[in-house]
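Take a look at the model below. Keep the sequence beside it as you read.

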Amino acid sequence: MIDLTALDVLSPGSLGYGASPQPGLVVRCHSVSDVVQVMAYAAETGKRVVPRGGGHCFVDRCPAGGIVADLSGMDRIEVDDGGVATIGAGARLGSVYPALHEFGRTIPAGCGDTVGIAGLTLGGGIGLLGRQYGLTCDRLVGAQVVLADRSVVECGEGREADLFWALRGAGGGQFGIVTELRFATVPEPPVCRIEGTWEEQEDLVKTWQDWAPGAPDGLTVNLSVQAGRATLFGASTLPPRATREWLREFTARAGVLYAIDIRLDVPYSMVKPTFSTLDSAAASRVRSEFFAGAMSEGTTRELLKGLTGNRRLAFTAMGGAYNRVAEDETAFAHRGERFLLEQVSEPGDPWVDEAWRTAHAEGSGRVYPNFPDLALEDPVRAYHAGNYDRLAALKKTFDPHRVFDFPQAL
Ligand SMILES: Cc1cc2nc3c(=O)[nH]c(=O)nc-3n(C[C@H](O)[C@H](O)[C@H](O)COP(=O)(O)OP(=O)(O)OC[C@H]3O[C@@H](n4cnc5c(N)ncnc54)[C@H](O)[C@@H]3O)c2cc1C
């Protein structure tokens, strides 16, 4: 019988599971051999093992009594002379950005400080530099993975190429437990931090849908809309003058005052955390979909009508470098989309479903794998679109006995 007493076993309550199903065991892994041992224990006891990075998955994927392999003890970050960053799978964005900043480097990635680099990357990774440099997974050049049969493999271009392809955007927890990720970093740019808030909504939302996804790659502005308030926020790597000109064009087209605060020359790593509350989906119910074109005026108006209390519509600009990768080049299939729309409210608010259905009539039917939605009718097609058949075949190759499984898994 495999003995786990030498490992760092935590009480399930310490990871804040609250009312969700309690895992039977949470083991904080500090090394690859810890991960292998946890998987061997799971195999021997017939329990399901679920990897955990930042723990921000919108749905709880560990069944009651299952084992959480918590990777937070594996959060080392190193950058070599060629700018390749090796990041332990337990690292969170709040430590990734400052560590890369020390080397004058960064990666395009998300906003929330506590979001895990592993979950984010495995499902794609959308952020304020993404229209210029692509998804976080587009910068991935290699990974170390413990597969279902407990073998430890290195993958990258030309090495376990199928696995490497599948890890770039199919979503976490599908093919193995990733222990280390390697990224081709980019020089950290100084950026203009952009924020503006208006009471007007309809013209802003209409204009944003046409304008933001087609702005130059260096300019990313997202829009968060709540009752009586619309907030534009983002970052620009364009020169300040060009940034202002583009934003003036936006406000003129939307017919609103140019009430935008621009802070110049902020290191990218410092801009991200300042938006984490605006960009956050914590403690909420979220449904979402990609859109390949602007919604009609009637649909936009209908969506805005329902905004009361804490209900929020969050528009994220896609386009740019996200869409310069072919749909089948990585597992992330959504390469022709213009924006992502989230409906966010408190758990139990029926508006989330109503608003989602209203927008869905004009959506592309595609859903970001990092925003799992248990209410989807055909989830695997929504998450993986044209890449589904190849992913399903790879699932059979790498995990024939479905050691890694959860509702809506491949
Ligand atoms: C506050 C907040 C802000 C967010 N901001 C952004 C954003 O700016 N951009 C964006 O693109 N997304 C964003 N997201 C969504 C985020 O990308 C997903 O929630 C992502 O899955 C979180 O990863 P995690 O490691 O924190 O979560 P976890 O719950 O630990 O993991 C998510 C999934 O990946 C699996 N997984 C975790 N670690 C591993 C591993 N080492 N090997 C294999 N599988 C693993 C888990 O089993 C689970 O299925 C945000 C979410 C929240 C809650």
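The paragraphs below move from the ligand to a strand, then to salt bridges and backbone angles.

This is a predicted model: local features need pLDDT of at least 70, side-chain atom pairs count only at pLDDT 80 or more, and totals for chains, interfaces and linings use all residues. Residues are numbered from 1 along each chain as its sequence is written, and side-chain values use heavy atoms, with hydrogens and water left out.

Start at the ligand. How many residues surround the ligand? The shell holds 32 residues, and the closest are P51, G53, G55, I126 and Y368. A residue counts as near a molecule or strand if one of its heavy atoms lies within 4 Å of it. By class, the shell divides into 17 nonpolar, 12 polar and three charged residues. Here Ala, Val, Leu, Ile, Met, Phe, Trp, Tyr, Cys and Pro count as nonpolar, Asp, Glu, Lys and Arg as charged, and the others, Gly among them, as polar.

Helices (H or I, at least four residues) and strands (E, at least two) are DSSP runs, numbered from the N terminus. The most comes from α3, which gives four residues.

Now look at the backbone around the ligand. A backbone N or O atom of P51 lies 2.6 Å from a ligand oxygen atom. For G55, a backbone N or O atom is 2.8 Å from an oxygen atom of the ligand. At C57, a polar backbone atom is 2.9 Å from an oxygen atom of the ligand. The ligand has 960 Å² of accessible area on its own, and the protein covers 95% of that. Accessible areas come from the Shrake-Rupley method with a 1.4 Å probe; for residues, only the protein chains shown count as cover.

Buried means under 20% relative accessible area, exposed over 50%, and partly exposed in between (1.4 Å probe, protein chains only). In a regular strand the side chains alternate between the two faces of the sheet. In β17, R312, A314 and T316 point one way. L313, F315 and A317 point the other way, and all are buried.

Which strands pair with β17? Strand β13 (residues 219-226) pairs with β17 in the antiparallel sense, over four bridges. Strand β18 (residues 339-345) also runs antiparallel to β17, joined by six bridges. Two strands pair if DSSP finds at least two bridges between them. On the β18 side, R312 is partnered by V344.

Salt bridges come next. The structure holds 26 of them. Each is a side-chain nitrogen of Lys or Arg within 4 Å of a carboxyl oxygen of Asp or Glu. One joins R301 and E202 at 2.9 Å, N to O. This pair links distant parts of the chain: R301 sits in helix α9 (residues 297-305) and E202 in helix α6 (residues 202-211), 99 residues apart. R301 is partly exposed, because its relative accessibility is 40%. E202 is also partly exposed, at 26%. Both belong to a network of salt bridges that links E202, D203, K206, E297 and R301.

Another salt bridge joins D349 and R311, at 2.7 Å, N to O. D349 lies in the loop between β18 and α10 (351-360), and R311 in the loop between α9 and β17, so the pair ties together parts that are 38 residues apart in sequence. D349 is buried, with 12% relative accessible area.

K395 and D399 form a further salt bridge, with their closest N and O atoms 2.9 Å apart. K395 counts as buried, because its relative accessibility is 3%. D399 is buried too, at 1%.

R402 is not a glycine, yet has a positive phi of about 50°. R402 lies in the segment after α12 (388-398). At 31% relative accessible area, R402 is partly exposed. Q408 is also in the segment after α12. Its phi is positive as well, about 75°, although Q408 is not a glycine. Is Q408 buried or exposed? Its relative accessibility is 16%, so Q408 counts as buried.

Methods:
Polar contact = N/O pair within 3.5 Å; in protein donor to acceptor, adjacent residues only side chain to side chain.
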